[in-house]
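Please keep the sequence and the structure in view while reading.

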Amino acid sequence: MKSLENKVVLITGTGSGQGREAALRFTGAGALVVGCDINEKGNRETREMVERAGGSLVTMEPVNLSDPRQAEKWIDEAAAVHGRIDVLYNNAAAPHFAEFDEFPLDGWQFTMDNELNLVFYATRFAWKYLKQNGGVIINTASTAGITGSGYGGAAHAAAKAGVIGFTKHMALEGARHGIRVVAISPGVIETPGFVDWAKANPAEAEPLLARNLIPRFGKPRDIAGVALFLASADADYITGANIVVDGGRVSW
Ligand SMILES: NC(=O)c1ccc[n+]([C@@H]2O[C@H](COP(=O)([O-])OP(=O)(O)OC[C@H]3O[C@@H](n4cnc5c(N)ncnc54)[C@H](O)[C@@H]3O)[C@@H](O)[C@H]2O)c1
């Protein structure tokens with residue numbers, strides 16, 4: 001039997017990067033996955049990739065999870081597809097980066113809406129479904145929420161620290177309902193946006209590797225594999241934890 005056979009898993013941000021990889025890995029592990037993204041084209045491509053791999057993925061797009069009404073509608077529609085929710089994987093996020101003395105006020109608000117508030121909305125609206133039979137919530141935070149971000153990432157660091165705090169609190173509230181709540185904090189992961197940026201800014205990208213104990217940037221599969229484990233019964237004794245997956249970058 002596969003590790004997530006017939007588990008109903010909602011994944012946000014399946015149109016790119018880590019969410020796409022998670023859609024492929026979770027469906028491969030037997031899960032019934034419902035994904036969503038604000039990016040219609042990317043999300044449809046992910047659905048086609050899953051189908052080419054012999055799986056099936058229900059996707060809904062465009063969904064802007066930073067709008068609470070759209071988040072609620074998506075959660076309700078996604079829960080209705082298979083009649084329940086076993087796992088909510090809050091992966092989607094979008095930050096605004098800027099030097100601090102020029103940091104725009106709307107850039108701060110955008111980051112809070114798209115990195116922190118969207119996690120609250122999806123969790124808030126999925127809670128009543130998860131409470132029915134227990135389940136797992138996986139929140140994608142970042143090492144930026146532990147150490148601070150690179151230059152320009154003030155809002156990103158604050159939002160991701162918020163995701164870590166929210167995770168710890170919700171683990172406490174979830175315990176009595178059999179809901180485990182965990183965070184993953186990726187280090188620097190080679191997703192499409194990062195790869196483009198690194199090509200355009202090699203002088204800034206290279207030093208990001210300097211603190212890594214494992215001398216490469218992470219891949220989406222490095223994160224998806226950990227998410228798969230955290231969603232599975234093998235992680236039944238893990239809740240309230242923030243799992244750092246960063247090649248050792250912030251371990252010393
Ligand atoms: N790539 C890295 O180096 C890195 C490092 C640490 C943490 N993270 C986190 O990993 C997660 C996945 O990011 P990624 O690296 O795969 O980036 P990505 O940009 O490739 O994927 C993020 C996806 O989320 C979607 N999205 C963003 N805002 C949305 C919204 N409001 N509603 C619906 N969909 C939305 C985007 O359209 C995109 O498809 C994010 O939470 C990110 O903050 C990434």
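Apart from its neighbours within four places in sequence, Ala227 is in contact with Ala22, Tyr89, Ile138 and Ile184. These contacts, like everything below, come from a predicted model.

Ala227 also belongs to the largest nonpolar core, which has 65 residues. Together with Val9 and Ala122, Ala227 touches the most other members of that core. Helix 4 gives the most to this core, contributing nine residues. In soluble globular proteins, nonpolar side chains tend to be buried together.

Two packed helices are described by the angle between their axes and the distance between the axes. The table lists these values, along with the residue ranges.

| Item | Value |
|---|---|
| Helix 3 | residues 68–82 |
| Helix 4 | residues 105–133 |
| Angle of packing | about 35 degrees |
| Distance between axes | 9 Å |

The crossing of helix 3 with helix 4 is right-handed. On the side of helix 3, the residues that meet helix 4 are Pro68, Ala71, Glu72, Ile75 and Ala79. Their partners in helix 4 are Leu118, Tyr121, Ala122, Phe125, Ala126 and Tyr129. By class, this contact has 10 nonpolar residues, no polar residues and one charged residue.

Which residues come nearest to the ligand? Of the 29 residues around the ligand, they are Gly13, Ser16, Gly17, Ala92 and Ala93. Helix 1 (17–28), helix 4 and helix 7 (192–200) each supply at least two residues of this shell. The shell divides into 12 nonpolar residues, 16 polar residues and one charged residue.

Methods:
Residues numbered from 1 in each chain as written. Predicted model: local features only at pLDDT ≥ 70, side-chain atom pairs only at ≥ 80, totals over all residues. Axes fitted to C-alpha atoms, helices over the stretch in contact; angles between N-to-C directions. Helix = DSSP H or I, 4+ residues; strand = E, 2+ residues; numbered from the N terminus. Left-handed = near helix turned anticlockwise from the far one by under 90°. Contact = placed C-beta atoms within 7 Å. Nonpolar A, V, L, I, M, F, W, Y, C, P; charged D, E, K, R; others polar. Near = placed C-beta within 6 Å. Core = buried A, V, L, I, M, F, W, Y, C linked by C-beta atoms within 7 Å. Buried ≥ 20, exposed ≤ 12 C-beta atoms within 10 Å, placed from the backbone.
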